[in-house]
Amino acid sequence: MKHDKSMTAPLDAFPAGTRLARRYVVRELLGDGGMAQIYRAEHETIGRPVAIKVLGARLARRPVVMVRFLQEARAASKVRHENVVEITDFGETEDGRPFMVMELLEGEDLGTTLRREGPLPWARAKPILVQVLAALEVAHAHGVIHRDIKPENIFRVSRMGSDDFIKVFDFGIAKILVDDEGGPTRPLTVDGVVLGTPAYMSPEQCLSRPIDARTDLYAVGVLAYEMLTGRPPFVGQASASLMFQHIYNPIPAMAQAAPEIRIGAEVEAIVGKALAKLPEDRFASARQMADALGIDPPGEPEPRRPGLRNLFRRWR
């Protein structure tokens with residue numbers, strides 16, 4: 001998590017040295033997302049560096065936002081996987097603001113990578129996508145739908161001999177389908193309310209219709225399209241325009257979006273299936289989509305990343 005040095009600290013930000021829950025010491029503010037602040041901190045007893053996400057003071061007075069924040073902590077803590085950011089603790093500040101403690105990630109989000117480097121070759125994009133799908137497969141098995149898969153919620157860290165070890169995070173608008181006893185949960189949102197990032201939302205999400213795991217797979221399709229062509233399939237400034245395109249417009253051919261890049265027909269077919277308008281026409285599961293990604297188009301060697309090879313083979 002990179003520190004934005006140009007950021008102006010919000011009025012409710014904690015200064016360095018603040019102690020939280022009598023065991024964490026704030027070291028610096030890493031980011032302010034409007035809803036919550038992220039701090040670099042340290043467990044006072046064992047000296048372990050952590051990241052702490054604290055709900056903003058103004059929003060902490062709104063019950064619905066409080067419930068949403070608590071749901072994010074619950075959703076992320078349910079999903080334990082090497083490709084999901086780990087939630088290690090939860091607490092409350094002295095002024096009544098909830099916070100969650102996470103593993104501290106050193107690296108950058110995929111959005112930053114794509115803005116700097118542009119389209120990625122298939123040999124590099126494939127293992128990144130496989131790791132995202134591995135994280136989603138575990139989340140879906142626990143009845144958790146992320147609902148906001150996008151480059152900014154996918155973090156690259158150096159691990160296992162690779163700079164592209166992936167951590168999926170920010171379950172802030174996740175939908176939990178089952179409770180801890182395995183029964184259905186009460187819906188947290190009101191019908192007709194659209195949640196998500198328009199450029200990556202499925203047609204059913206745009207229409208505020210019932211969703212399932214295939215909504216996340218649509219977002220992975222958008223992600224794959226963007227990673228390989230340098231742009232998402234639909235662009236526009238207005239959210240309504242983007243959602244209209246997701247609902248009604250055919251997906252532009254990847255060769256049309258990036259004529260200078262060689263994208264094999266097999267890859268385009270996989271991405272196209274993930275981006276089908278109807279959920280029943282998409283892959284049935286994250287594992288099924290990951291299995292399809294096992295192909296290697298002619299001229300595209302398997303990536304030379306020994307640390308990720310075993311992870312990748314598990315999905316083939």
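**Notes on the predicted model**

1. Of the 316 residues of the protein, 52% count as buried. The model is a predicted one, and in it the protein has 10 helices and 11 strands. Among the contacts in the protein with a separation of 6 or more, 63% are accounted for by residues 24 or more positions apart.

2. The point to take up next is the sheet. Six strands form an open sheet in the order β1-β2-β3-β4-β6-β5, and their pairing is antiparallel. Because β1 (19-20) and β5 (87-92) stand at the edges with a single partner strand each, one side of each is left without a neighbour in the sheet. Helix α1 (residues 63-78) packs on this sheet, where it touches β3, β4 (49-55), β5 and β6 (98-103), and the direction of the helix makes about 25 degrees with that of β6.

3. Within the sheet, strand β2 (residues 24-32) pairs with strand β3 (residues 36-43) in the antiparallel sense, over seven bridges. Two of the facing positions can be named: G31 stands opposite I38 in β3, and Y24 has H43 in β3 as its bridge partner.

4. On to the pairing of β3 with β4, where the two strands run antiparallel and are joined by seven bridges, with Q37 standing opposite V54 in β4. The hairpin of β3 and β4 has five residues between the strands, and in that hairpin G47 takes a positive phi near 70 degrees. How many of the eight residues of β3 are buried? Six of them are, so β3 is largely enclosed by the rest of the structure.

5. Since buried means under 20% relative accessible area, F14 counts as buried at 16%, and Y39 is buried with a relative accessible area of 0%.

6. Y24 and F99 form an aromatic pair that is edge-to-face, at 6.4 Å centre to centre and with 85 degrees between the planes. This pair, too, links distant parts of the chain, for Y24 is in strand β2 and F99 is in strand β6, 75 residues apart. Both Y24 and F99 are buried. Y24 is also the residue whose bridge partner in β3 is H43.

7. A further point concerns two helices, α5 (residues 213-229) and α8 (residues 265-274), which pack at an angle of about 145 degrees with their axes 7 Å apart. In this arrangement α5 passes α8 in a left-handed crossing. On the side of α5 the residues that meet α8 are L217, Y218, G221, A224, Y225 and L228, and their counterparts in α8 are V267, V271 and A274. What is the make-up of this contact in terms of nonpolar, polar and charged residues? The residues of the contact of α5 with α8 divide into eight nonpolar, one polar and no charged.

8. Backbone angles at two positions may be worth a look on the display. Phi of A21 is near 55 degrees, which is a positive value in a residue other than glycine; A21 lies in the loop between β1 and β2 and, at 27% relative accessibility, counts as partly exposed. Phi of R147 is near 75 degrees, again a positive value in a residue other than glycine, and R147 lies in the loop between β8 (144-145) and β9 (154-159). Is R147 buried or exposed? With a relative accessible area of 11%, R147 is buried.

Technical notes:
Residues numbered from 1 in each chain as written. Predicted model: local features only at pLDDT ≥ 70, side-chain atom pairs only at ≥ 80, totals over all residues. Heavy atoms only, no water. Pairing = 2+ DSSP bridges. Helix = DSSP H or I, 4+ residues; strand = E, 2+ residues; numbered from the N terminus. Contact = heavy atoms within 4.5 Å. Axes fitted to C-alpha atoms, helices over the stretch in contact; angles between N-to-C directions. Buried < 20%, exposed > 50% of the residue type's maximum accessible area, 1.4 Å probe, protein only. Left-handed = near helix turned anticlockwise from the far one by under 90°. Nonpolar A, V, L, I, M, F, W, Y, C, P; charged D, E, K, R; others polar. Phe/Tyr/Trp six-rings, centres within 6.5 Å; stacked < 30°, edge-to-face > 60°.
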